[in-house]
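Thanks for making the time this morning.

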Amino acid sequence: MFKVAVMNKTGLILLLFLMVLPAAVRADDFEQLRKDSARISTISADFVQKKSMKILSRPLVSEGKFFYAAPSSIRWEYHKPVRSVVISGQGTARRYIASGGRMIEDKTGGSQAMKIVLDEVAGWMSGKFNSNPSFTATLKEGAQTQIILKPAGAGMAGMIEKIEITVSRKDRSVQSVRIVESASAETRIDFKHVVINKEINPAVFQDIQ
């Protein structure tokens with residue numbers, strides 16, 4: 001139960017961030033990044049999500065698979081510790097959770113909350129890092145490109161300090177997302193085995209199995 005509560009809190013914080021995000025960013029700094037990212041039509045990748053808190057002896061780890069097809073189709077699938085699948089696109093979202101050997105659709109409304117999150121993730125995948133306005137955003141170029149988003153006002157105080165998004169300079173794909181909630185709590189998602197612009201069967205964004 002504790003793990004579920006922690007994961008739910010993380011999702012809520014991310015959701016609040018995505019819903020409130022303002023656009024107080026120097027748009028000119030992001031224009032080239034947006035143009036480069038526009039060349040991406042599909043992405044598939046494995047991901048590892050780690051939730052760290054001071055009170056945890058070790059991070060809570062989830063693993064899964066991510067699929068994206070421009071402009072907004074996403075499949076976000078957790079394989080561990082519990083299988084669940086969210087399919088989002090064309091204005092709808094469906095969420096299924098493994099139970100009793102079957103995938104059961106979540107009718108609680110959680111899928112629509114996830115849709116808000118995944119719509120924003122789709123925006124990141126197409127280079128739209130500064131299109132949501134409650135955070136100030138800065139862009140740092142180095143071995144990799146890093147976008148740092150910080151709350152612009154006091155509304156997010158105590159919930160989130162910053163979000164760091166790392167983007168490959170080679171192909172402009174998102175490499176990692178680090179959500180810092182406080183000095184002692186953060187969630188990090190690392191993408192690996194990233195494949196860009198390889199055709200993905202449309203059934204991936206329609207069928208759960």
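Before I describe that space, one convention is needed: Ala, Val, Leu, Ile, Met, Phe, Trp, Tyr, Cys and Pro count as nonpolar, Asp, Glu, Lys and Arg as charged, and the others, Gly among them, as polar. Please also keep in mind throughout that what you see is a predicted model.

With that convention, the lining of the second largest pocket divides into three nonpolar, six polar and one charged residue. The volume of this pocket is about 220 Å³, and the residues around it are Ser 73, Ile 87, Ser 88, Gly 89, Gln 90, Thr 92, Arg 94, Pro 202, Phe 205 and Gln 206. Two elements, strand S4 (84–89) and strand S5 (92–99), each contribute at least two residues to that lining, and S4 has the largest share of it, with three residues.

Let me step back to the whole protein, which has three helices and eleven strands, in the order α-α-β-β-β-β-β-β-α-β-β-β-β-β from the N terminus on. If we take the contacts with a separation of 6 or more, 52% of them join residues 24 or more positions apart.

Moving inward, in soluble globular proteins nonpolar side chains tend to be buried together. Here the largest nonpolar core has 32 residues, and those with the most contacts inside it are Phe 66, Trp 76, Phe 129, Ile 165, Val 174 and Phe 191. Helix H3, residues 110–125, gives the most to this core, namely six residues.

What about enclosed space? The count comes to one cavity of 30 Å³ or more, and the volume of the largest cavity is about 30 Å³. Strand S1 (42–53) and strand S11 (185–196) are the elements that give two or more residues to its lining. That lining is made up of Ile 43, Ala 45, Phe 66, Met 125, Ser 173, Val 174, Phe 191 and Val 194, and by class it has seven nonpolar residues, one polar residue and no charged ones.

I will finish with a pair of residues, Lys 140 and Thr 166, which are 26 residues apart in sequence and, from C-alpha to C-alpha, 9.5 Å apart in space. Lys 140 belongs to strand S7, residues 135–141, whereas Thr 166 lies in strand S9, residues 162–167. Is Thr 166 buried or exposed? Thr 166 counts as buried because its relative accessibility is 12%, and buried means under 20%. Lys 140, by contrast, has a relative accessibility of 48% and therefore counts as partly exposed.

Thr 166 is in contact with Gln 144, Thr 145, Gln 146, Ser 173, Val 174, Gln 175 and Ser 176, while Lys 140 is in contact with Thr 145, Gln 146 and Ile 148.

Definitions and conventions
Residues are numbered from 1 along each chain as its sequence is written. This is a predicted model: local features need pLDDT of at least 70, side-chain atom pairs count only at pLDDT 80 or more; totals for chains, interfaces and linings use all residues. Side-chain values use heavy atoms; hydrogens and water are left out. On a 1 Å grid over the protein atoms alone, a cavity is a set of points where a 1.4 Å probe fits but cannot get out, and a pocket is an open set with protein on both sides within 12 Å along at least five of seven lines; lining residues have an atom within 4 Å of a point. Grid points are joined across faces, edges and corners, and a volume is the space filled by probe spheres set on the points. Helices (H or I, at least four residues) and strands (E, at least two) are DSSP runs, numbered from the N terminus. Contact means heavy atoms within 4.5 Å. A nonpolar core is a set of buried Ala, Val, Leu, Ile, Met, Phe, Trp, Tyr and Cys residues joined through side-chain atoms within 4.5 Å. Buried means under 20% relative accessible area, exposed over 50%, partly exposed in between (1.4 Å probe, protein chains only). Lists of a residue's contacts leave out its neighbours within four places in sequence.
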